[in-house]
Each structure stands twice: as C-alpha cells, then as structure tokens.
Amino acid sequence: MSMSEHLLSWILFTPLLAMAVVLVVPAGQKNLIRIVANIGALVSFLVSLGLVARFDNHAPGFQFVERATWIPALGANYSLGVDGISYLLVMLTTLLTLLSVLASWSSIVDRPKAYYAMLLLLETGILGVFLSLDFFLFYVFWEAVLIPMYFLIAIWGGERRLYAAMKFFLYTMAGSVVMLIGILVLYFAHASQTGVRTFDIVQLMQTHLTPAAERTVFWLLFLGFAVKVPMFPFHTWLPDAHTEAPTAGSVMLAGALLKMGSYGFLRFSLPLLPSASIDAGIVQILAHLSIIGILYGALVSLMQKDWKKLVAYSSVSHMGFVTLGIFSLNTKGLGGAVLQQINHGISTGLLFLLVGIIYERRHTREISQFGGIANRMPNYATVFAIAMLSSAGLPLLNGFVGEFTILQGAFEANPWWAAFAVPGIVLGAAYLLWLYQRTMLGEITNSKNEQLTDLNLREWAVVLPLVATAFWIGLYPKPFVDTFEKPVAQIVERLHSTHAEARR
Amino acid sequence: MVNLIWLIPLIPLGGAAVLLLLGRMLPKSLIKVVAPGTIFAAFLLSLGAVMESGGKPHEVVLYEWLPKVDWGFLLDPLSSVMILIITGIGFLIHVYATGYMDHEGGYYRFFGYLNLFVFFMLILVLANNYVLLFAGWEGVGLASYLLIGFYFNKKSAGDAAKKAFLFNRVGDAGFILGMFCVAALTHGSLAFRDLHGLTAGPLLTAAAALLFLGATGKSAQLPLFVWLPDAMEGPTPVSALIHAATMVTAGVYMVARSSAIYSLAPEVSAAISCIGATTAIMAATIAMVQTDIKRVLAYSTVSQLGFMFMAAGVGAYWVAVFHLMTHAFFKALLFLGAGSVIHGLHGEQDMLKMGGLRSEMPITFWTMAIAALAIAGVPGMAGFFSKDEILFYAYLNFKSVFAVGLITAALTAFYMWRLMFLTFFGEKRTLVHAHESPLVMTAPLIVLALGCGGCSYYAAQLERWLEPVLHSNHSPDIGLKHVLMAASVFAAFTGILLARYFHASTGPLGPLTKLAQHKWYLDDIYDFVFVRGLGMRGGEYLGSFDRRILDGGINGAGLVTRFVSRASIWADTWIVDGLVRIAGFSAMFASLPARIVQTGFVQSYALVIVAAIAAALGLFWVK
Amino acid sequence: MITINHYLAVSATLLLIGTLGVLTRRNIVVILMSIELILNAVNVNLIAFSKYHNQVTGQVFAIFVIAVAVAEAAVGLGVLIALFRNKGSVQADEVDLLKW
Amino acid sequence: MITYSATDHFILLPALLLGMFGIAVLLLDFLFPKDIKGRGWLVGIAISGLVFAGWQLWEQHRYLAEHGMTPLTGFNGALVLDNFAIFFNGIVLVSAALVMLISYRYLENEHEHHAEYYALVLFATFGAFFIITGVDMVTIFIGLETMAVSFYVLVGFLRGDKRSNEAAMKYLLLGGFSTGLLIYGFSIFYGLTGSTTLIALASVVPARGPHDPLLYLGIVTTLAGLLFKIGAAPFHMWAPDTYEGAPTTVTAFLAVASKTASFALLLRVLAVGLSGARPQWEPLLTGAAVLSLTIGNLAAITQSNVKRMLAYSSIAHAGYLLLGVVAGNDTGLIGVAIYLLTYAFMTIGAFLVLVALRRKGAAVETIDDLAALSRRYPSYALLMLVFLLSLAGIPPTAGFIGKYYIFLALVESGKYGLAILGALYVAVSLYYYFRLVRSMFFVESTEAQVLAPSNGVRLALAITGMATVAMGVLPEPFIRMAAASLGR
C-alpha cells in the first residue's frame, strides 16, 4: 500500500498505529510513552501535510477517493474522500491532536499510556467522520468517537467528571441513534427507488424523496447533528463536558468534535435533503435557534465564575454563528460557516490550552482566585489577549473574517437575523474582556499567584502554531477560502436549483 | 511615492512589533528614538505621497482579503488631510511622551501600543473600503483599550478601558449592520469608489442611520459618550493623541467619507446635527462644573465633536473636517499643556489645588493660552474660522441648531477660560513646587501653538482641496457671514469675561448646576439600568441575592444583562437540563411499577401473566 | 347429546380452576397439582378433538402430555425437597428472597 | 407405517449424538468411583459430544448446500432440516460449548461438581434441537419440555443455596403454568385443523377468518407460552429472579440457549403456522415488544446486582427481537437471526467475566464487586467493556449490526415511531451498562485477588471477545449466514 495511492487511509490509520505502539511500551516507562505519543501525533500531522501538498482547489467533487467493499450485504463500503470542506477540518484535527498531545506532557501523571492511547484513538475517530464518503462508515466513526472521549473525561477529568462524561455520552448518543434512523430512512428510500442498497453519499444524492419524507429525514438527522454542534436547546451537555474534561479533552472537544455536527449539516443535510433544507419553516426555526444560541451562550458566559466554563459557554455562542451561517443558505453564509468552524477550533482551542496551562500551575479554575497574572506572566497574558481577541472577532484576527462573512450571509438571507445576531459580538467582547480584566489585570490579590512562572518552551510550542494560524486567517484568508469555494458553490447551486424546481 | 502609501501604516507597525517583542531588551534611549522615529518616517512618507498625488485620488490594492473586499489603500484629499494630522500631531505627541513617560515602568510597552495605535489609525483613514476601515476602527479601539488600561494594576483604569471598549462595541454593532446595508446597495461591494450613483430609499436611510450609530460610539456622541471622560484614566499623551486629536474623530471622518450616502438621507442628516448640537451643549455644561483638569478637556472634546457632527449633519462636510483639523491642534495642545501642568505638579489633577502657575510654567501657560483662545473662537485663531463656518452653515440649514451652537460657543469660552483662570491665575493653592517641563515636552507645545495660529488661514484652500471628495454647498452670502461672525465673537468674549468673574463659582449655571454636576445623570441612568441600579435599590429586600449581584455588577455587566444571564442559567439548569433530569427521574419513576410488581412472590407473577392474557382476550372483544 | 362444545366447556372450566389454584393456593404442592389440572384440561381438549376429527393423533399427544407432566412433577418435587431442606417451608408466599 | 429412513437418521443424528453423549456422561460417572479427584475428562466427553454434533450439523449444512438448499423433512413431516434449523442449532451448540468450558472451575468452586450437570446441559441442547427442528406440535412440545425440565434442574443445581432453590422453584412453577397455557393453545390448534403440524395450521388459518374467537384464544395462549420462554414482558417476571438465583454459568446458558431456541420456535409458529393471522398477533406482539423495551430498560437502571441487571437487559433485548418480528419483512427476520447470533456471544461473554472474577468464598454479583477492575485486571475490564458496548449496540461491535437490522426493518415497514422508540432506548440502556463501566474504571477499591482463571475460561473469553469484535468490524460473513438461514 503505497502512501501516495492511499493517502487518506494513511492519514486515518496513522494515529491508530501510533496508538498500537504506545500500547506496546511498558506502563512504567512514562517518559518513553510520552515521547512515543508525541512522535506518533507528529507523524500523523506530517502525513496529513501530504494533503496540503497535493490538494487541488479546482478539482470537482471529492479527491483522493478510495473505495473498497466492506459489507456488501448492506451496501456499505469503505470509501474515503475529501473536498474543500473536510480538508480543512482534517488539517485542524491533526494539528489540534498534535498540540493536545504536547500540552499533556506534564499535566497527565495518572495512567499516561491509556491516556495517549485514547487521545490517538479519538483522532482516528474524528478523522474517520470527516473522511467518510459512506454514510454507514460515517456512522461507525461517529459513534466510535464517543468512547475515547467518554474515558478521557471520566478518568482524567475534574471533580464532577463522571457526571459530565455520562451526560455527554447519553446526550450525544440519544441524538445519534435518532440520526441513525434518519440515515436508514434515506437508505431505504434510495433502495426502493433504484433497487440498489447503498450508503454512498454521492449516490444517495440522486434520491428523490417526497417533501414530507425529506422533512422527516431532516429532523431525524438534525437531532444527531444539533446535539453535537450543540445548538440551543441541546447544549447543556457541553459546559459540563468541557469543564470537567482534561485540557486536551476540552481542546479536542471544542476544536474538532463539535465540528462533526456542523460538518454533518454541510455534508449531509444540505446536499442530500435540499428541499427540506430550503423549507421556509425549517430554516426559520433553525436560524432562530442559532440566534438564541448566540445570545444565550454569550449571556450565560457573562455570569460564569469558572474560567473554563466561561470558555465552554462561549462555544455555544460561536457555534451559533456557524449554524446561522449554514442556514443562511447562501455562498457567504456557508463559506463563513466553514471558515468559522476552523476559527472556532483555533481560538477556543487556544483558550482551552491557555486555561490548561494556568490550571496546571494553580489547580483551580475559579476566576476569583486570579487577578494580576499579567504581572507575573506577561507573555502568557499577551498570548491570552490574542486568543481572546481572536475569539471576540477583532479584525485582522481569524474570528472576524468568519463572523463577518457569516453575518453578511445572514443579512442577505434576512436582515433581522443579522440584526439580532450582531449583539452577540458585543456581548462576546464583554465577557471576554471582563474575564481578561479579572484574571490578567490589576494587582495580584492572591498570594498563591506570586510564584507563577511564565510560559516555558514547550508551552510556547503548543500555543505558537495556533497564534500564527489565527493571524494568517485574519490577514490573508484567501488560501483557506479558495479550498472550499467550489464545494460551497456546489451546495448553494443545488439548493437554488431545487428552489427553482419547487417553484415550477 | 504614491504607490508606497501602504508602507505608511506599516512603518509604525514595524515599530510596534520591534518594541513589543524585543522592547524589554532594548535600552531606553533607543526606544526614545525608535518610537517617534517611525512616526516621523511615516509623516515624511505621507507628506511626500500627498505632495506627489496633488489631490488626485490614488488607490493601491495589495490583495483580496475577503470576497470583494481588498486590502486596498486610498489616498485622496480627505485621507491626505487625515494622515498628515495623524502622523504630524502623532509625532509631536510621541516626542512629548518620551519626556512625560520618562519615569514610568513598561516604557517599551507604552510606546509599542502607541505605535500600534498609529498603525491602526492610518489603516482606518487610508482604507479604500468599509471593512478595512472597520478593521482600523476596531484596532484603534483595541489600542485605546490597551493604553487606557496601561496602568493595568489600577482597577479604575481597567474599568475605564473596558467601558470604552464596550461602548465602542455597541456602536460597532451598528456599524457592521450598516456595512451590510451598504453592501446590499452596491451589489456586494464595500469599496468607497462604488458609493456613487446610489439612490435614496429605506435601505439607504437604514445604512446611514446604522453607520452613524457606529460613529456615536467612536466619536462619543449621545447616547454613548460616557466612556470618553472615564478614558482620561490613561496617561495624558494618550488622551491627547487618541481621545482628542485622532481616534475620536474617526466617526466624523467616517461620516464625511460616507457623504455620498448622507447627502441622500436628509432625515438622518437632520438627526445627526440635532444629536451633535445636543451633545455639544450638554457636554459643555458638564465641562463648566468639572474640577479635574483633564475631565474639563474630555467633556470639551465631546462638545467639540458635537460641533463637527452639527456641520456634517447640515451637509457641510468639509467644514466638519476643517474643524476636526483645527480641533486636533488646539485640543492636543490643551491636553499636552494640561499634562505638562500635571507633570509639573507631580500628578495633581484637581484645578482647585492649582492656581498661579503662570509664572512658574510660562511656556505651558502661553501655549495653552493660545489654544484656549482658539477653542473659544477668538478671531485670528484656528477655532474661530472653523466654528464660524459651522455656525454659518447651521444658520442656513437648521436655525435651532444654530441657536444651540451659538450658546455652546459662549459656554465653551467660559469653561475653557475658567480652566485657565483656575490653573494659571490667582493665588497658588498648592504646596508643591511646580517646575516647567523639559524641552522634549515644551517643544511640541510650541509647534502645536504655532499650528493653532497658523493653520486657520488656509480654510479656503482646504475647502478647495476637499472639493473633489466632499460635496460642499457654497454660500455667496458674505454679508450674512459677517453678521454671524460678529455674533460668535460676541459670544466668545462674553464667555471669557464671565469666566473671569465667575471662575471660582461652583454654580455658574444656576439651577442647571446640579444637573451638570451629575453629568445629566447619564452615567447614573446607565448605572441604574445596566450596572447595578435595581439590584442596589432593591438590596434591602433582596438580601443576599443583592450581594451576589453587586459582586460583579460594578464591573460593567449590567443588571439587565445580568438578569437575563441569570435567567438563562436558571433555564439551563432547570428547564433544559431539567428535561434531561426529568428523563432520569422518570426512568427511576417508571421503573417503580415494574419493581413494585416484582415482589418476589411467585403467585403475583402468575397473576400478571393471567392479567395479560385476560387483557389480550379483552382486546378481541373490544375490537 | 354431548357435543364437542361440552367437552370444551369442561376443559375451559378445568383450566380456570387450575389457574385459580395457581394463583391462590399457598402450598407449593397444591400449586403443582393445579398445574397438573391445567394439563388435564389440555388432555380433555386433545381427546375430545381427537374424537371429533376421528383420528388418534390427539390421543397420542395426550399421552405425551401425561408423561411430560409426570416428569415435571417429579422434578418439581425434587426441587421442593431441596427448598424444604434449606428453608423448612413449602409455602409459596415465604419464598421471596429474590425480588425487585 | 412407521419407518426409520436414512433421511430421518441424517436429520436426527446431531440430536442423537447429544443424547447419547449425555447418557454416556451419566453412565461413566456412575461406573467410576467418586473419589477420583477432578472430573476434567467428563467435561471432555461432554464437549466432544457437542463437537460431534456440531460436525454433523456441518455435514447437514454441506448436504443442503449441495442440493440447492431444499429443506429435508423427516419422521412424516415432524422434523424439518433447513438452513434455519442449522443456524439456530449452531448458536445453541456454540453457547453450550462455551458454557461447558467455563463450568468446570465454577462448579468446583461451588463444591457442586457433578457429572449430571454436563449431562443436563447436553439434554437441554438436545431439547432445543427438537424445538428448532420440529414442525409438529407434539415434537415441539417434547423438545420444549425436555429443555425446560433440564433447565429447572440446572437452575437449582446449587442444592445448598437457598436462592438457587428459590429460583428453580419459581422457574418451575411459572414455567409449568406457561407450558400449560402453551399446550392449551396447541390443543386448540389441533382442534381447528385435525392435525398437529404447523403446515396444516397454516392452511386452515385463512379459512377461519380474522374474527374467529377460538383461533384467537389459541393464538393468545400460545403466544403467552412463547413470550414466557423468551422472557418478554409482561411474561418476563421469572427472568430477573431466576437469572439472579441460578448458578452464573446456567444463567448464561439459559439466557442464550433457551432464548434462541424459543425465538426460533416463535418464528416458526408465527411465520409458518400463523402467518395468515398476522392482524391478530401483530398488535399483541407490538405491545409485548414495547412493554419489554420499557420495563427491561427502565427497571435495569436501578439494579445493583449485575446478573439481575443483565436479566432486565435481556428482557429489553427480547423487545428488540420482537420488533424485528413485528416489522414483518425479510430484513426483520434476518435481523432477528443476526441479533440472536451476536447476542449469544456478547451475553455469554458478559456472564463469563463474572464467572472468571469469582473470588474464593464470594461470587461477583453486585456492581460494586466490580470496582476498580480496570486497575486490577485491565484485560477483563476491557473485555467487559467490549461486551457491554456490544449489548448496548454501539458500533463497531457486534451488537450494533443486530440493532441496525431491526431498525432498518422497522423503517422499511414504515414503523418510524417504533424505530425511534427503540433507538432512544439504546441511549437509556447505555446508562445502566455504563454503571458497570463506571464501577470498573473509576471506582477505587482494594478487593482481594480473584482466583486464577482456568484455561477453559481463557479460551471462552478469547472466543467471545473476538467474535464480538469481529462481527462488528467485518459482519459480512455473519450476515450472509443469517440471511442464508432464512433462505435469502
């Protein structure tokens, strides 16, 4: 199996191989385990760089497609491929895993072997979700992700980790089993129309459902995706899971896992169910839920006393922008949503990493315990400021590009949506600045903070790539936009032609 | 050189990068050279570019940033004026600051931020489209946040910084929506060159109103002006540069830049001049009763910005820019002078503790006097011409605005000279031995004073210079102009005279004093509604709940937001989460019957079997 | 004339009595006997139908049922003895160690 | 004219082998003095009986495959040999073999090591053979009772244990009662048709029409008996008590073999005999399915005894299986077949872990007994995790494939509501399965060492563990087998 022919398989399974190697190392050799895990994550990132080298922005459809029969009885195949939408998410996932693994070096003391194994397993699961072109395969990976995440939270998490892990698990599980029913309805409809049983999403796109059936499938899929995103009111698992998870868990959760939901909308709901997706009633409901999510997440963030929980709730707000963009159903909205997925991964990932750094030093996340950190950790404070501004959507940083494009798309779809979503930006600045003020500025009030040391070399290595990417996207997003321009245009075109058909 | 205009902002950015990243390692003497040096380089480049362009618009596009939005720079007469003001006055203030900040810690950080500010400000004025302008707009807000909060371990500074940023953000929300409206009008383009040939309509009106909302935030107009006086927590050079000469005028610049839109939205324009006039008089009355020297100047700034909007609102955009320019000179000078006084008195800012400093700080006194004359509108000084032009156009278009403007002119003269009298004349009311500031600080004062006197004579040239960009409606009625001029001169001298006699009075406004002293209760209203208000008042009843609200309430998250936020959390725990819990409970609950039947008695099991069969048979009969 | 329906009625009555016995009697031996009663109801049915259809299959079936009933009763008594040894009681309502 | 033809012999041979080996075990035990330490060789004989039977089953399969899958009938239409029979017999045989592997050490620990145990397992398997192969009500009844009586004894095998006695007593009384009801239904069918074969029944049903009270009475009583056997609500109540009280190895066998055989019978009766009466039994079955899902899943949440919890979960599984029948299409039936196949491995696997963890003096019964398993025995904990995930139906484990088919079948027949209900109960089931996970992985404990597992336990664990993963990752051959069993 040569690397160039099966690039995606290599990307997908390199973490699994790394996991196997980690498992071979004797449990006592903690440092060796760490080194192996870091090398493994680095290698998997390097392998994924092969995609960067060879990805063609202008090629139509999916690239690097691999197909192998898997379960012919079901019509399920092992079929992988990327387009501009998934390409970016794949890169984000490998990068974030690399950084998460590196960030865990000193914070994970208990059972590091199992920990890194879970983290690498998680990476394979998430990559599988983004790479699958087969609905069945997709579902298998989708579910498989839950297990390592559950353990990451439940073993290495905070005080209420068991509760949080269970809540996360049950909540997302409930959503995804209902989604499975939706997949099956679609699958069966295709089978009864063509006589071919297949989960291939390209083929499923040819299925013509009745509008009512499309709506049914849409809502069923919606539940799975909405819980994952999470959209209001399915978000309550998120603050608990994020707060209790270990740093790397939060980073992966916010950075990559949540994207599975929005990716689901982009990859499946919109292209497969165009007439339900443009249904005025559905769009209204989803847009309103998104806007509520934006404002609600921001408002609740204002009130948090826990540093991490604040960041967690801000995710609800930010992901609200993503779904708002998606259901604006125009090029700007969708494009902005794709970009904002990446942006959120970067800025929130960075914020969680930074919280983790301070948590490792102080073992508390209560905001009131801090204050005046900038006096002791000026570099940390600077990086935190950048992360915060990126999250708050300040121009020249990545967040702005995404949010602005999304809002513009929303405005085109319905000016009122934009009008109601914009206050989210104001509130975003409010809670983040307040957080910054309470933690970084002022005099040091807690004597325990006197001894804090600034970022060390490893921590710099963890944060710098994200900071650089944040600036890159903020200043020159074109390379990113170019990758997904075509697939987004295809989706929009499909929606438009459906619209035109419906008119006729 | 015209093609190098993109370098103009980049030079200060380079300075900022060097200072912020390497500053800790650099010797102070080098910082003193680097920081003003970059600005001066930018100034020279600007000067060269402006001279080469000769007033012809020139665009440089670097690359596409967002779809249909470029990193593009536009050098036209309007931005020429702005970049010269920014780099020129910016340079002077930098020089001044090297002296003023000599004893402060974090020297490199301060100048890094200051350079960063200049970078963003130049982006703002050089942008060829709204989005890039907005980027600069937000950037200056950020730099302002950093600079106000420069003394970051001073809590009031942190609060003020945050307040400024948040009030700006409220305006920004309007700005963003305004941009979308514009994009909808121009088929997606947000470049200024595509603004021509628009037609009036509700969308355009909305665009105008929303953009103006942005301007009220940045330029401290009603109802969002309360942040500016608090921003005086920052070091004085910051106040001079950001909160007087440049950033706060960004709103005026933006309105002028959008004159193509505003000229088609008369209702909005009228509203702008009304808001400008109201802000002007309101801020002037507040300025009359302040005792903090910097706060007087802060409210004066708000008031003067009101004048600029008055002009913009009546369609005299070039006048607004003219006043912007003169104001930049005299207000920067005033702030720097005040800074010099504070510096001389080792940080004292209360005017009631000053007095008689004329002899001890002669340069400061004389330069400030020139500026005070200028702002009061004494003939021959910069402010005189620009203010007269404003009043003239207001008279032509909007009589009541004119009336308010005239009164405000008198009030302006009063509070400014009240400041002068309290500070420099009379008895010395402090024990501190004041000293004149060093040359690096006084030299900029002198240059600015010359500017105050000098630049005013080029009004006509400025009008012609700006003609291609800004619509100006000439009025040939020279006679009327002279009458009005006389009226305003009269108002100015009245104000100065009154100040001479009533400067020590605490209630120069009579019944209005209390109102003015409480800043027209605006802060209290915000406080009441958003910050703590109801919570505090209801505190007696609400007991411990109250403490939790106060806990963070003062820090700016308002009661309303706090309330909604609390409600959200409540909903989160009890309604949304509750559903999950109910599911959990109901599972427990539902398992109860199953458990009750599972008694362990074999016969009860048999009974269930029999009952089930009976039910199944019953089903048959029912059917 | 005794028709098939009469037999069925008898059988149904036996079934009912057996069922009531299972439900109400406290002694496990009696419950076992009640189960036998139910099986006998089945036997009545089978033989009546056998006669009705005029063939022997039903009767053969009945013989099997009888045989099986014996086996079941034997095992039942065996289990009962073991239970009695450990618990000292053959009352159905005293056997409730396993519940919920 | 009664003859015993070669065909009859061919069909009967596996059962014959089982019976003969069973008797052989009893005789050998009787012939050799009791004081010989250990009876490992008896287990060997019993297992070899299963192996021989399995080999014959394989021969039967090959024969069928060579002859175009045409079913063979024997004994005047009392038995039928088709892929269906072979498939389900295979499941029962495998589960019996796995149980044998683990029983040896278990019984030794309980000091109840008797040869009868192995004989009874073989007899129960023998009975199951007739349930699965039989298409004549007499044959079915005999098979059913052979299996049931063997199980009554097995459940009460720990003679000195009150709970084992009680479990056996309850199972016997209720089992006898429900058998009575079942056979009462059979007698009515006989009355309706004048024949004891299911095929004859099928030909009569349409003529009786949907409103025939006698037919309905027969259906209801028969269903009551069958639902009792498969442990579906509301006839499930014996299951928790019996599962808890019975020796763990027997519980595993009962949960798999009895359920599989009974389900095969249910399918035969409904699909062959009563296919024309679908309108009458479908609502009943739907009700039973929903009730089973609800009671099974909800009651399991509050259990603290693992065996009891698994009993409730098996009730829930019965609900899913019934949904496959309710769907009423090929997919549903294939689903039932593949579900039962996967169910056998994962259920035995789960009980196996409990058996393996048995400590001296005290069995592993409550959830707390599993505390900190992941630290003490990570491999057991991992295996248990796999089994639990599979029981819950999370891909990529075997359990998912079964559930997948059930849901697909429901979707195919347009029963979206049932599909969603079933799907949501998957999430509920996770809650109680993960109580075990929680205990194993996150609760700290300083429990004593467990006894070293025997090789038999290791082998059985390896088989069930690998099967559970393999069926999830590469389900294709197993799906083919299940589909072939139904002639699809």
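This is a predicted model: local features need pLDDT of at least 70, side-chain atom pairs count only at pLDDT 80 or more; totals for chains, interfaces and linings use all residues.
User: OK, chain A first: how many helices and strands does it have?
Analyst: Chain A has 21 helices and two strands, where helices (H or I, at least four residues) and strands (E, at least two) are DSSP runs numbered from the N terminus. Its radius of gyration is 22 Å, close to the 23 Å that the globule rule gives for 504 residues, so chain A is as compact as a globular protein of that length. That radius is taken over C-alpha atoms, and the globule rule is 2.2 Å times the number of residues to the power 0.38.

User: And what does the C-alpha trace span?
Analyst: Along its principal axes the C-alpha trace of chain A spans about 70 × 55 × 40 Å. Buried residues make up 71% of the 504 residues in chain A, with buried meaning under 20% relative accessible area, exposed over 50%, and partly exposed in between (1.4 Å probe, protein chains only).

User: Which chains share the most contacts?
Analyst: Of the five pairs of chains in contact, that is chains A and B, where contact means heavy atoms within 4.5 Å. On that pair, 50 residues of chain A are in contact with 49 residues of chain B. Chain A and chain C, on the other hand, do not touch, and their nearest C-alpha atoms are 25 Å apart.

User: How much area is buried between A and B?
Analyst: About 4,500 Å² is buried between chain A and chain B, and carbon and sulfur atoms give 73% of that area. Buried area here is the accessible area (1.4 Å probe) that two parts lose on being put together, summed over both.

User: How many salt bridges are there between those two?
Analyst: The count between chain A and chain B is one salt bridge, a salt bridge being a side-chain nitrogen of Lys or Arg within 4 Å of a carboxyl oxygen of Asp or Glu. A:K478 forms a salt bridge with B:E64, and the closest N and O atoms are 3.6 Å apart. Within the side of chain A that touches chain B, α19(A) gives the most, with twelve residues. By class, that side has 36 nonpolar, eleven polar and three charged residues; Ala, Val, Leu, Ile, Met, Phe, Trp, Tyr, Cys and Pro count as nonpolar, Asp, Glu, Lys and Arg as charged, and the others, Gly among them, as polar.

User: Now chain D against chain A: how many residues are in contact?
Analyst: There, 36 residues of chain D are in contact with 34 residues of chain A, and the two chains bury about 3,200 Å² between them, 81% of it on carbon and sulfur atoms. Two salt bridges are found across this interface, and D:R375 forms a salt bridge with A:D110, with the closest N and O atoms 3.5 Å apart.

User: Switching to inside chain D, what does D:R268 pair with?
Analyst: D:R268 forms a salt bridge with D:D82, the closest N and O atoms being 3.1 Å apart. D:R268 lies in helix α10 (residues 248-273) and D:D82 in the loop between β2 (79-81) and α3 (83-110) of chain D, so the pair ties together parts that are 186 residues apart in sequence.

User: Buried or exposed, those two?
Analyst: Both D:R268 and D:D82 are buried.

User: Which residue does D:R480 bridge to?
Analyst: D:R480 forms a salt bridge with D:E476, with the closest N and O atoms 2.7 Å apart. Being four residues apart in helix α19 of chain D, these two are separated by about one helical turn, and D:E476 counts as buried at 10% relative accessibility.

User: Last one: where is D:A470, and what does it touch?
Analyst: D:A470 is in helix α18 (residues 455-473) of chain D and counts as partly exposed at 34% relative accessibility. Not counting residues up to four places away in sequence, D:A470 touches D:P475 and D:F478.

Note on methods. Residues are numbered from 1 along each chain as its sequence is written. Chains are lettered from A and ligands numbered from 1 in the order in which they are written. Side-chain values use heavy atoms; hydrogens and water are left out.
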